[in-house]
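Reader: Please take one part of this model and look at it closely. Then set it in the context of the whole chain.

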Amino acid sequence: MSSPPEPPFISTHTTVVLLTSVVIGLVVGGLTFLSDFSAPGAVLAGLGAAGLSVPVLRSLIR
């Protein structure tokens, strides 16, 4: 007898939301670095933008 297929590790919705937030974080971090050439500031800005975009994207992407 064959076993039922395993469910995916994460859903497609979660994958799209997380990948989009990573792209947003990279763009914001890159633009912040180009504006004042501060790597720590750019990292903090990118992480903040990625983190804050997850709940917004979760509600927008359905």
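Author: Start with serine 35, which sits in helix α1, residues 12-36. Helices here are DSSP runs of H or I with at least four residues, strands are runs of E with at least two, and both are numbered from the N terminus. The model is predicted, so local features need pLDDT of at least 70 and side-chain atom pairs count only at pLDDT 80 or more, while totals for chains, interfaces and linings use all residues. Residues are numbered from 1 along each chain as its sequence is written, and side-chain values use heavy atoms, with hydrogens and water left out.

Serine 35 is exposed, at 57% relative accessible area. Exposed means over 50%, buried means under 20%, and partly exposed lies in between, with a 1.4 Å probe and protein chains only. The side chain of serine 35 has a polar atom 2.8 Å from the backbone oxygen of threonine 32. A polar contact is a pair of N or O atoms within 3.5 Å; within protein, one must be able to donate a hydrogen and the other to accept it, and residues adjacent in sequence count only if both atoms are side-chain atoms.

Now look back along the chain. Phenylalanine 9 is 26 residues from serine 35, and their C-alpha atoms are 39 Å apart. Proline 8 belongs to the segment before α1. Proline 8 is exposed, with 64% relative accessibility. From proline 8 to phenylalanine 33 the C-alpha separation is 37 Å, across 25 residues of chain.

Next comes the loop between α1 and α2, which holds phenylalanine 37. Phenylalanine 37 has phi near 55°, a positive value in a residue other than glycine. Phenylalanine 37 is exposed too, at 62% relative accessible area.

Two packed helices are described by the angle between their axes and the distance between the axes. The crossing of α1 and α2 is right-handed.

Leucine 60 lies in α2. Leucine 60 is exposed, at 64% relative accessible area.

Finally, the whole chain. It has two helices and zero strands. The radius of gyration is 16 Å, well over the 11 Å that the globule rule gives for 62 residues, so the chain is more spread out than a compact globule. Buried residues make up 16% of the 62.

Key:
The radius of gyration is taken over C-alpha atoms; the globule rule is 2.2 Å times the number of residues to the power 0.38. A crossing is left-handed if the near helix is turned anticlockwise from the far one by less than a right angle, and right-handed if clockwise.
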